[in-house]
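Trainee: Could you take me through a few features of this model, giving the general idea before the particular case?
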Amino acid sequence: MITRVTFERVFSLAEASRQIRSASAGGIMRVSREKAAQHRQQILSSATRLFRERGIAATGVDSITDNTGLTHGAVYSQFGSKEEIAIEAIRAALRDSRKTWLRAMEKRGRKKILAAIVESYLSERHRDAPGQGCLVAALAGDIARQGKNVRDAFTEEFKDALKFLTDLVGSDDDSLTGDDVLANFVFMAGAMIVSRAINDDALSAQILRAASERLAR
């Protein structure tokens, strides 16, 4: 026998279902997709910064959720695993490097692009902000200890970034070969890694200055 309480509960559930269908038709699902995209960007921005500051192994999903204010469910609804987050974060960070190089060109002009990149890269400001800086200098050693999927993603994006940089610098000095650009970049990244490891401000600054002067020659 259906009691009044049972009937009211069934009616309430049916009404709730009707309202959900109506809301979906009215555009709330579209807002939900936009919110999901916003959450994805929040996760990537947080992860790229935390990975560069702490390393991939030392950054757990808990750190990412705490930093974004999102739940584990929200994170895993966007990415199936921490490895997937790392892969996308690496791709995003290396693509952002291209924007940084373009801004350097806009600041100094196309004929000064190489000098502008060296000046910006080998700066104390860059050294002191690993979370916002070059992913290669911040994470290359850590990535070397990751699995094949992470290393494959890094390798692919690094090749694309190197080609972009070679084309960009080539507009400044067409005598520079791809090997020249690669050597210069690796030299800068190595100098930045060592300058951050040194627990002596004067020596750290000397490393950056010496590397910059060598590249200027």
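Mentor: Let us begin with a single residue, bearing in mind that the model is predicted. Once neighbours within four places in sequence are left aside, Thr166 is in contact with Gly178 and Val181.

Trainee: Where is Thr166 found, and what distance separates the C-alpha atoms of Thr166 and Asp180?

Mentor: Thr166 is found in helix α9. The C-alpha atoms of Thr166 and Asp180 are separated by 8.8 Å, although these residues are 14 residues apart along the chain.

Trainee: How should I read the packing of two helices, and at what angle do α8 and α9 pack?

Mentor: In general, two packed helices are described by the angle between their axes and by the distance between those axes. Here helix α8, residues 135-143, packs with helix α9, residues 148-170, at an angle of about 150°, and the two axes are 11 Å apart. The crossing in which α8 passes α9 is left-handed. On the α8 side the contact is made by Leu135, Val136 and Ile143, while α9 brings Val150, Arg151, Phe154 and Phe158 to it.

Trainee: How do I read an aromatic pair, and how many does a search of the whole structure find?

Mentor: A pair of aromatic rings is described by the distance of the centres and the angle of the planes. A search of the whole structure finds five aromatic pairs. One of them joins Phe158 and Phe185, whose ring centres are 5.9 Å apart and whose planes lie at 55°, so the pair is tilted. This pair links distant parts of the chain, since Phe158 is in helix α9 and Phe185 is in helix α10 (residues 178-197), 27 residues apart.

Trainee: Which helix gives the largest share of the lining of the second largest pocket?

Mentor: That share, four residues, comes from α11, and both α6 and α11 (201-216) supply at least two residues each. The second largest pocket has a volume of about 210 Å³. Among its eleven lining residues, Leu114, Val118, Leu215, Ala216 and Arg217 are the closest to its centre, and the lining divides into five nonpolar, two polar and four charged residues.

Note on methods
Residues are numbered from 1 along each chain as its sequence is written. This is a predicted model: local features need pLDDT of at least 70, side-chain atom pairs count only at pLDDT 80 or more; totals for chains, interfaces and linings use all residues. Side-chain values use heavy atoms; hydrogens and water are left out. Axes are lines fitted to C-alpha atoms, for helices over the stretch in contact, and angles run from 0 to 180 degrees between N-to-C directions. A crossing is left-handed if the near helix is turned anticlockwise from the far one by less than a right angle, and right-handed if clockwise. Contact means heavy atoms within 4.5 Å. On a 1 Å grid over the protein atoms alone, a cavity is a set of points where a 1.4 Å probe fits but cannot get out, and a pocket is an open set with protein on both sides within 12 Å along at least five of seven lines; lining residues have an atom within 4 Å of a point. Grid points are joined across faces, edges and corners, and a volume is the space filled by probe spheres set on the points. Ala, Val, Leu, Ile, Met, Phe, Trp, Tyr, Cys and Pro count as nonpolar, Asp, Glu, Lys and Arg as charged, and the others, Gly among them, as polar. Rings of Phe, Tyr and Trp (its six-membered ring) pair if their centres lie within 6.5 Å; planes under 30 degrees apart count as stacked, over 60 as edge-to-face and the rest as tilted.
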